[in-house]
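Trainee: I would like to learn how to read the features of a model like this one. Please show it, and then I will ask about them in turn.

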Amino acid sequence: MKKPNASFGQIIADLRLAAGLSQEELAERANIHRTYVSQIERGLKSPTLVMIFRLAKALGTIPSKIFKQLESDLGMS
C-alpha cells in the first residue's frame, strides 16, 4: 500500500508543476516557507487541514479534488 504522505506530496508537486509554479512561488502564494513545500512534496510532512486549504487555494483548486486524487492513488475509490 502506498503511503498517504508520499501520495499527497506527489499530487501537490504535480499540481504545482501543471500550474507552472516553482516551490518558492507556491510557498509565497500559500504564505508558507519554501522548505515546508519541499518537505510536503517529499512526503516528510503531514500538513494540517488549514494548510491543505491554503495549498489548494494557492494551486487554484479545491481540497476535495486533491482528496479525490489521493483516494484514487491509495486505491480507496
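Trainee: Is E41 buried or exposed?

Mentor: A note on sources comes before that: this is a predicted model, in which local features need pLDDT of at least 70, side-chain atom pairs count only at pLDDT 80 or more, and totals for chains, interfaces and linings use all residues. Residues are numbered from 1 along each chain as its sequence is written, and side-chain values use heavy atoms, with hydrogens and water left out. As for the term, buried means under 20% relative accessible area, exposed over 50%, and partly exposed in between, with a 1.4 Å probe and protein chains only. E41 has 12% relative accessibility, so E41 counts as buried.

Trainee: Which side chain meets E41 in a salt bridge?

Mentor: Side chains of opposite charge can pair when their charged atoms come close. The rule used here asks for a side-chain nitrogen of Lys or Arg within 4 Å of a carboxyl oxygen of Asp or Glu. R16 is the partner of E41, at 2.6 Å from N to O. The pair links distant parts of the chain, with R16 in helix α1 (residues 4-18) and E41 in helix α3, 25 residues apart. Helices here are DSSP runs (H or I, at least four residues), numbered from the N terminus. R16 is also buried, at 10% relative accessibility. The count of salt bridges by this rule comes to one.

Trainee: How does one describe the crossing of α2 and α3?

Mentor: Two packed helices are described by the angle between their axes and the distance between the axes. Axes are lines fitted to C-alpha atoms, for helices over the stretch in contact, and angles run from 0 to 180 degrees between N-to-C directions. For α2 and α3 the axes come within 8 Å and cross at roughly 110 degrees. Therefore α2 is roughly perpendicular to α3, a label for angles of 65 to 115 degrees. On the α2 side the contact (heavy atoms within 4.5 Å) is made by Q23, E24, L26 and A27, and on the α3 side by R34, V37, S38 and E41.

Trainee: Where does N31 lie?

Mentor: N31 is in the loop between α2 (23-30) and α3 (34-41). Its phi is near 60 degrees, a positive value in a residue other than glycine. N31 is exposed, with a relative accessible area of 63%.

Trainee: Which residues does I40 touch?

Mentor: Not counting residues up to four places away in sequence, I40 touches N5, F8, G9, I12, K45, P47, M51 and L55. I40 belongs to helix α3 and counts as buried, at 1% relative accessibility.

Trainee: At what angle do α4 and α5 cross?

Mentor: The axes of α4 and helix α5 (residues 63-73) cross at roughly 105 degrees and come within 9 Å. That makes this pair roughly perpendicular as well. The contact is made by I52, F53 and A56 of α4 with P63, I66 and F67 of α5.

Trainee: Which residues make the nonpolar surface patch?

Mentor: L49, F53 and F67 make it, with an area of about 300 Å². Patch residues have over 30% relative accessible area and no salt bridge; like charges are joined within 9 Å, and nonpolar side chains (Val, Leu, Ile, Met, Phe, Trp, Tyr) within 5 Å. Accessible areas come from the Shrake-Rupley method with a 1.4 Å probe; for residues, only the protein chains shown count as cover. F53, in helix α4 (residues 49-58), is partly exposed, with a relative accessible area of 47%.

How values were computed:
Helix = DSSP H or I, 4+ residues; strand = E, 2+ residues; numbered from the N terminus. Parallel < 35°, antiparallel > 145°, perpendicular 65-115°, else oblique.
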